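Subject: Structure handover

Hello,

Here is the structure for you to look through. My notes on it follow below.

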Amino acid sequence: MLYKEPAPIKDRENPFESMMSRFNIAAEVLGLDEETYNVLKSPARQVIVNVPVTMDDGKVRVFEGYRVVHSTILGPSKGGIRYAPDVFLDEVKALAAWMTWKCAVVDIPYGGAKGGIICDPYSMSAGEIERLTRAYTSSLVDIFGPDRDIPAPDMGTGPREMAWLMDEYSKTKGSTEHGVVTGKPLVLGGSLGRVEATGRGVMVSAMAAMEKLGMDPAKSTAAVQGFGNVGSWAAKLMAERGVKILGVSDVSGAYWNDNGIDIEEAIEYKNGNNGRLEGYKGAEQIDPAELLTSKVDVLVPAAVEDVITIHNVDKIQARLIVEGANGPTSYKADNIINEKGIMVVPDILANSGGVTVSYFEWVQNRMGFKWTLDRVNERAERIMNESFERVYAASQKYNVPMRIAAYIVAIDKVAMTYKYRGGF
C-alpha cells in the first residue's frame, strides 16, 4: 500500500510565497538581521534531474525529478519524496522549508529537504516504479547519505520505494546503508510506531491544547476531515482518551453520528472496503463542506491543503483546530481565525510526530539496535509535549497566535545555530 503524507498548500498563490508570508511575520517579531534572513529564506540547494526509464512496452520515457535541500544548519537534511503528476519546483521548495521549521520546532538535529518526481504512480506497474526509483536514486547518489540528506516516503511512495532506494544507494557504496532513508519496512530497519506516528502527534497536540483551554476530553466532541493514515489514527487515539468523534470524512464523503462514531468499527470497515468509507452504515452521510463548519469542540483537518479559506472560515464553530495536514488553512484565513479567538495548533507542530519517529528510525539504524514500541511512543509523546509547551510559551511571550509562535521558535533555533557556527 502506498504511504500518503498530508499534502502542502497548493492554492492560487505560489506555495513557497505562502510559506514565506508566515516566515516574514515571525522574522519581523524576532528582529532577524538581514544576513540571517537572506540565508534562511532561500534553499541551500535545488537539483533538477531527468531520469530515463524503460517502460514495460520497451519504450524509454524521461521523467523530471527534483531534490531541494532547504537547510543543513541544524544537521543533515531530511524530507520525503513525492510521486505525483502535478509536482512542481516551488511546491518542493515550500515542503523543504516546512521540513526545516518542523525539525527545529521539535528540536531534532535535521535540516529540511524534499524531493519529487513528475509521474502518476497509480498508472505505472511495480516494475516501472522500481526502475524509476532506482534511476532517481542513482542520479542523486552524491546528494543522499546518512550524514548528508535522508529521504523518506511522501505522497505516492511508501516502504517499498524506500527499500529500493536504500538498496540502490547501498550498491553504490559497497555496503548496506540502512540510515540513508527512513520509512523502510520493519525487516529492513524500519521503526515500530512509524505508521501511527503522525496521527499520534496530532492526538498529543490536541490533548495539550485542550488542557490549556480548560476543555475536558471526556466532555468534548470532534470532527476529523480525512480518514486516511493520519486522520484515522488521530481519531482512534483521541477517542481512546474520551473525545467523542461525531464526524469523519474521506474521498467518498462525510459521515456524521450525533451519538459518536465507533472509530474502531469505522477503521475496520474502511480497511475491508479498499480503504474507503463509502457505504459505511454507522453514521449518516452529510455534505463534506458541513463537516468543517459543524458544531464541535475540536476540528482536525487531516486530508488535503487549503480547506479552511476566507470562503468558510466565518462559519467554523470549533474552539480548537489541530492541523493534521500540511497547509489546510490558507494564509488569507489566518486573521479571521485569530479574530474569532480559535486556537490553532499549526501543521509544523501538530503533524511533526512523523518526522520525530523517522528520526528515531535513523538513530536506531546508527546504533544497530531496535527500540520497543513503548519506548518509541513514550519518547515521541514527550518530545511532542515539550515542543507544544515551547510554542505555547512563545505565543504568550510575543502575544502572537500559535502558528506564528511555532515559526518564531523554529526560526530562532536555526538562526542561533547559524550564528554559533560562524555564518559565512
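Start with a salt bridge: Asp-90 pairs with Lys-93, and their closest N and O atoms are 3.4 Å apart. Both residues belong to helix α3, three residues apart, which is about one turn of the helix. Asp-90 has a relative accessible area of 23%, so Asp-90 is partly exposed. Lys-93 has a relative accessibility of 14% and therefore counts as buried. Please keep in mind that this is a predicted model.

Salt bridges

The count of salt bridges comes to 26. One of them joins the side chains of Glu-91 and Arg-82, at 3.6 Å from N to O. Glu-91 and Arg-82 are both buried. Another is formed by the side chains of Arg-241 and Glu-240, at 3.8 Å from N to O. Here Arg-241 is partly exposed, because its relative accessibility is 34%. Glu-240, at 48%, is likewise partly exposed. There is also a network of salt bridges, which links Arg-22, Glu-323, Asp-334, Asp-347 and Arg-403.

Domains

The domain assignment divides the protein chain into domain 1 (1–36 + 191–424) and domain 2 (45–188). Taken over C-alpha atoms, the centres of domain 1 and domain 2 are separated by 24 Å. How many residues of each domain are in contact with the other? For domain 1 the number is 46, and for domain 2 it is 48. Between the two domains an area of about 4,000 Å² is buried, and carbon and sulfur atoms give 68% of that area. Three salt bridges are found across the interface of domain 1 and domain 2. Elsewhere in my list is a salt bridge between Arg-366 and Asp-147, with the closest N and O atoms 3.0 Å apart.

Aromatic rings

The structure has eleven aromatic pairs. One of them is Tyr-110 with Tyr-359, an edge-to-face pair with 5.6 Å between the centres and 90° between the planes. Is Tyr-110 buried or exposed? Its relative accessibility is 0%, so Tyr-110 counts as buried.

A second pair consists of Phe-360 and Trp-371, with ring centres 5.3 Å apart; the planes are at 55°, so the pair is tilted. Phe-360 lies in helix α12, while Trp-371 lies in the loop between α12 and α13 (373–398), eleven residues apart. Phe-360 counts as buried because its relative accessibility is 3%. Trp-371 is buried too, at 8% relative accessibility. Over the ring of Trp-371 sits the charged end of Arg-379, 4.5 Å from the ring centre. Tyr-110, Tyr-359, Phe-360, Trp-362 and Trp-371 together form one aromatic cluster.

Asp-107 is in the loop between α3 and β4, and at 44% relative accessibility Asp-107 counts as partly exposed. The place of Asn-399 is the loop between α13 and α14 (402–420). With a relative accessible area of 70%, Asn-399 is exposed.

Regards

Definitions and conventions:
Residues numbered from 1 in each chain as written. Predicted model: local features only at pLDDT ≥ 70, side-chain atom pairs only at ≥ 80, totals over all residues. Heavy atoms only, no water. Phe/Tyr/Trp six-rings, centres within 6.5 Å; stacked < 30°, edge-to-face > 60°. Buried < 20%, exposed > 50% of the residue type's maximum accessible area, 1.4 Å probe, protein only. Helix = DSSP H or I, 4+ residues; strand = E, 2+ residues; numbered from the N terminus. Lys NZ or Arg CZ within 6 Å of the ring centre and 35° of its normal. Domains from an automatic or database assignment. Contact = heavy atoms within 4.5 Å. Buried area = accessible area lost by both parts, 1.4 Å probe. Salt bridge = Lys/Arg side-chain N within 4 Å of Asp/Glu carboxyl O.
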